[in-house]
Amino acid sequence: MAPGKKGILERLNAGEVVIGDGGFVFALEKRGYVKAGPWTPEATVTHPEAVRQLHREFLRAGANVMQTFTFYASDDKLENRGQSLRLSGAQINEAGCDLAREVASEGDALVAGGVCQTPSYLSCKSETEVKAVFKKQMEVFVKKGVDFMIAEYFEHVEEAEWAVQVLKTSGKPVAASLCIGPEGDMHGVSPGECAVRLVKAGAQIIGVNCHFDPMTCVKAVKMMKEGVEKAGLKAHYMVQPLAYHTPDCSCQGFIDLPEFPFGLEPRILSRWDMHQYAREAYNCGIHYIGGCCGFEPYHIRAVAEELAPERGYLPAASEKHGNWGAGLEMHTKPWVRARARRDYWENLKPASGRPLCPSMSSPDGWGVTKGHSELMQQKEATSQDQLKQLFDRSKSH
């Protein structure tokens with residue numbers, strides 16, 4: 001950590017608001033640097049300029065955590081289902097750390113090394129084998145001197161516990177977030193119980209990320225907070241949701257939506273929705289507030305602008321964004337100038353512009369999770385016969 005910079009726990013213990021960054025995987029897929037499906041982050045090595053620029057945009061938008069772009073960078077994921085990358089997890093993770101540190105040093109930001117769920121766990125490998133995957137990644141983060149660790153995007157609290165237990169051995173602060181909603185993890189463990197288990201495993205910051213919209217995620221974190229307090233434990237809380245509306249999602253979240261991942265744009269939240277989210281999260285006692293898939297820098301800027309009174313300053317990107325649309329006062333058209341006010345944007349009900357478009361979808365959840373034969377992962381590419389079976393099954397649902 002750079003001299004003079006306060007650590008993550010020092011900031012949270014002082015009651016400060018910490019703003020995370022956004023969803024690198026989805027953002028870089030849209031920009032042409034990540035492949036949907038494997039969702040692996042080899043761009044840290046192959047296109048570092050793209051990763052560096054996105055870090056800078058989130059920093060300018062107000063984020064003060066630069067999370068390493070190391071999502072799904074474990075070796076078992078890099079060789080899953082026909083991936084033939086010539087890059088190792090260590091190479092990708094080291095490059096991700098270097099890029100995050102370079103940009104963090106340009107502002108008052110911390111670097112967080114991140115690990116996530118593994119194909120090994122879904123394939124029912126042993127605790128020892130799964131922990132070895134996390135340990136290999138953690139060793140890179142320790143070598144590169146990240147400021148704290150994040151275990152994120154876990155559907156099963158058991159695997160998250162294992163990740164926390166490994167990351168704790170680094171001696172650095174550990175945050176843990178599950179990709180669950182109010183129904184709990186994929187084995188039905190409630191948010192409250194998940195939270196208690198994560199704290200007991202050693203996480204100082206707990207919460208949820210991904211899979212659900214902001215208000216659903218905030219609701220789940222509130223349930224976690226209630227569980228921790230009822231157990232007489234203490235923790236800090238974090239939330240990094242989707243930037244998509246997901247009122248029709250079931251337990252597994254947006255990956256069950258028929259629009260996932262290429263047709264989600266009609267569901268995206270506006271910057272004004274993000275103001276509401278940031279205020280609701282803060283009022284619930286959540287002080288680490290960021291985003292995941294679908295979040296772009298302008299969403300994080302909205303979070304930072306909403307919480308500017310608590311933080312004491314606006315982000316640099318606000319120099320190009322008038323408060324509640326104030327910049328529209330200079331527009332050439334009078335009816336657009338009339339929109340330069342808060343009550344207009346707070347009360348707007350955006351239209352989809354799609355005639356006959358349904359307001360909700362029917363999720364595709366097939367009811368399978370860890371332990372089910374269909375979730376056993378493989379190094380070989382998915383065969384045409386396997387795909388045909390999936391296509392046929394999809395038609396029957």
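Mentor: In this predicted model, R31 is partly exposed, because its relative accessibility is 35%, a value between the limits of 20% and 50%. The side chain of R31 forms a salt bridge with that of E296, with 3.0 Å from N to O. Since R31 belongs to helix α2 (residues 24-31) and E296 to the loop between β8 (288-289) and α13 (297-306), this pair ties together parts that are 265 residues apart in sequence. E296, for its part, is buried, with a relative accessible area of 15%.

A further salt bridge joins the side chains of E161 and R197, at 2.6 Å from N to O. E161 is found in helix α9 (residues 157-168) and R197 in helix α10 (residues 191-201), so the pair links parts 36 residues apart in sequence. E161 counts as buried at 13% relative accessibility, whereas R197, at 25%, counts as partly exposed.

The side chains of R279 and E310 also meet in a salt bridge, with an N to O distance of 2.9 Å. Here helix α12 (residues 271-283) contributes R279 and helix α14 (residues 308-311) contributes E310, so the parts tied together are 31 residues apart in sequence. R279 is partly exposed at 22% relative accessibility, and E310 is partly exposed at 32%.

Salt bridges can also share partners: R52, R56, E102 and E106 are joined in this way into one network. Across the whole structure, the search finds 23 salt bridges.

Key: Residues numbered from 1 in each chain as written. Predicted model: local features only at pLDDT ≥ 70, side-chain atom pairs only at ≥ 80, totals over all residues. Heavy atoms only, no water. Salt bridge = Lys/Arg side-chain N within 4 Å of Asp/Glu carboxyl O. Helix = DSSP H or I, 4+ residues; strand = E, 2+ residues; numbered from the N terminus. Buried < 20%, exposed > 50% of the residue type's maximum accessible area, 1.4 Å probe, protein only.
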